Amino acid sequence: MRNKYKVWFKIPKQIHLKMLGDLRRSHSFAYERVGFLFTTSKLLSDNTILVLAKDYSPVDDKNYIDDNKVGAKINSTAIRNAMQRVMENNEGCFHVHLHNHTGATYPSRTDEVGLPPVAKSFANVSPNQASGILILSEDSFYASVICPNEKKFITPELISVVGYPLNLCFPGAKMNARRKSLDRQSFLGVKSQHVFENIKVGIIGYGGGGSHIGQQLAHLGVKNILIFDDDKVEETNLNRLIGAWFSDVKKAVLKINVAKRIIKKILPSVQIVCINKRWQEKAELLQLCDVVFGSADTYAERQQLEAECRRYLIPLIDIGMDVHILDNAYEMSGQIILSMPGSPCMKCFGFLTDKKLALEAAKYGDVGGRPQVVWANGVLASTAVGAFVDLATGWTKTEDKLIYLSYGGNKGTLGNHIRLEYAEKICTHYTFDQLGVPVFKKF
């Protein structure tokens, strides 16, 4: 029987490392460690449940029971403490332990008998939140989830650790034979095609940079693409909108239809969802993305998009360019910023400031219709796609990379922005306790 719900389970890398560090510790008599992962969940209109990990709490040494029949046994105090937090904060909770090996992991016979009642006790205390069981290996996961107001356990379709690089697990998704068209990118890893076929990527704005990104994602074999753009093709777009024709101007063709046309021609099997609206009007669709590309025209739009992505543990790759007058000459500049949940945000990097937002809100200067040209958009978009590929596949073996690149269009330079050296490594503007639907408290 088909499940009523789909579950997507996301864990920040910082919390994943905290769990592994705790669960690897030895105990005076227990063979394993146990902990509790506290979560918040949201039911979307398509019956997908987003489960977002907010915090991890280890079980105190004194709350283990000496029982050599099982790897670890905890007392009722440990469970009551977790249940108390669940009740007070209206959170979900997952019983967590580690199987000390690499590769796929599954519950033991003892786990199958002993853990479901614990998970059900959390679900009873907080019935409108998802709870369950999470088993870690050194590099993989097993999860079983009780959905809100349900009794049956189901397996998530996605379990991901959100960090650089992403650790994406798609339980139940079949590994397809490698397509010949992708042979020349096999160096990206044996799982790269599987990742590209299952990862969901959003593009906000299909103008200059967005049209390059959509085309390149199709060439890479990315099969799940979401595009937001509420504009039609105009004559002023023809200098940079990849795939747009002169006849599109006369017919007032939507930019999203240009996107469908070019992406489908490259990758006919793509699942592409195009929304002729601003993303704020269909935010639930955005919340299902694993990575989002943003090419907003204003600082305020960037701030709103970043806040939404941070709430739902979505890495945001921002690109933008401008032409301004410096010393009586035109100067072209641009940037590529990775806003990774848990790592520096655009405010940490000094790119978004209160002053910039205030000046823009007061309509100081020209905040709309900024100059755009195809070659600069192409440089920025291609570099952003390169960052996405490494983020998704980890092919360069780089860990916890920070990205804030500065583009000098006059000299054709692209390199690390000076602010990268001085940014705080941990973001204090968006914390994990803010994940999920905003909660308003009375004072």
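Residues are numbered from 1 along each chain as its sequence is written. In this predicted model, local features need pLDDT of at least 70 and side-chain atom pairs count only at pLDDT 80 or more, while totals for chains, interfaces and linings use all residues; side-chain values use heavy atoms, with hydrogens and water left out.

**Exercise 1. Overall form**

Task: State how many helices and strands the protein has, and compare its radius of gyration with that of a compact globule.

Solution. 
- Step 1. There are 11 helices and 17 strands. Helices (H or I, at least four residues) and strands (E, at least two) are DSSP runs, numbered from the N terminus.
- Step 2. For 443 residues, a compact globule would have a radius of gyration near 22 Å; the protein has 23 Å, which agrees. The radius is taken over C-alpha atoms, and the globule rule is 2.2 Å times the number of residues to the power 0.38.
- Step 3. Along the principal axes, the C-alpha atoms fill a box of roughly 75 × 50 × 40 Å.
- Step 4. Of the 443 residues, 53% count as buried (buried is under 20% relative accessible area, exposed over 50%, partly exposed in between, with a 1.4 Å probe and protein chains only).
- Step 5. Of the contacts between residues at least 6 apart in sequence, 68% join residues at least 24 apart; contact means heavy atoms within 4.5 Å.

**Exercise 2. The sheet of nine strands**

Task: Give the strand order of the open sheet of nine strands and say which strands stand at its edges.

Solution. 
- Step 1. The order is S7-S6-S5-S4-S2-S3-S1-S8-S9, and the pairing is mixed. Two strands pair if DSSP finds at least two bridges between them.
- Step 2. Strands S7 (153-154) and S9 (167-169) are at the edges; each has a single partner strand, so one side of each is left without a neighbour in the sheet.
- Step 3. Strand S1 (residues 6-12) and strand S8 (residues 158-162) run parallel and are joined by five bridges. Here Ile 11 stands opposite Val 161 in S8.
- Step 4. Helix H1 (residues 13-23) lies across several strands, including S1, S2 (34-43) and S3 (48-58), and runs at about 45° to S3. Axes are lines fitted to C-alpha atoms, for helices over the stretch in contact, and angles run from 0 to 180 degrees between N-to-C directions.
- Step 5. Helix H3 (residues 109-125) lies across S2, S4, S5, S6 and S7, at about 140° to S5.

**Exercise 3. A residue of strand S3**

Task: Is Ala 53 buried or exposed, and which residues is Ala 53 in contact with?

Solution. 
- Step 1. Ala 53 belongs to strand S3.
- Step 2. Ala 53 counts as buried because its relative accessibility is 0%.
- Step 3. Beyond its neighbours within four places in sequence, Ala 53 is in contact with Lys 10, Ile 11, Pro 12, Ile 15, Leu 37, Phe 38, Thr 39, Leu 313 and Leu 435.
- Step 4. One of these, Phe 38, has the charged end of Arg 85 over its ring, 4.1 Å from the centre. A charge sits over a ring if NZ of Lys or CZ of Arg is within 6 Å of the ring centre and within 35 degrees of the ring normal.

**Exercise 4. The sheet of eight strands**

Task: Give the order of the open sheet of eight strands and describe how S14 and S15 pair.

Solution. 
- Step 1. The order is S12-S11-S10-S13-S14-S15-S16-S17, with mixed pairing.
- Step 2. Neighbouring strands of this sheet are turned by 15° against each other on average, direction ignored.
- Step 3. S14 and S15 run antiparallel, joined by 11 bridges; Leu 326 has Ala 329 in S15 as its bridge partner.
- Step 4. The hairpin of S14 and S15 has two residues between the strands, and Asp 327 takes a positive phi near 55° there.
- Step 5. Helix H9 (residues 299-311) lies across S10, S13, S14 and S15, at about 165° to S14.

**Exercise 5. An aromatic pair**

Task: Describe the geometry of the pair formed by Phe 349 and Tyr 404.

Solution. 
- Step 1. The structure holds eight aromatic pairs. Rings of Phe, Tyr and Trp (its six-membered ring) pair if their centres lie within 6.5 Å; planes under 30 degrees apart count as stacked, over 60 as edge-to-face and the rest as tilted.
- Step 2. Phe 349 and Tyr 404 form a tilted pair, 5.3 Å centre to centre with 55° between the planes.
- Step 3. The two residues are 55 apart: Phe 349 is in the loop between S15 (329-339) and helix H10 (354-361), and Tyr 404 is in strand S16 (residues 404-408).
- Step 4. Phe 349 is buried, at 2% relative accessible area, and Tyr 404 is buried, also at 2%.
- Step 5. Ring pairs link Tyr 299, Phe 349, Phe 351 and Tyr 404 into a cluster. The charged end of Lys 356 sits over the ring of Phe 351, 4.8 Å from its centre.
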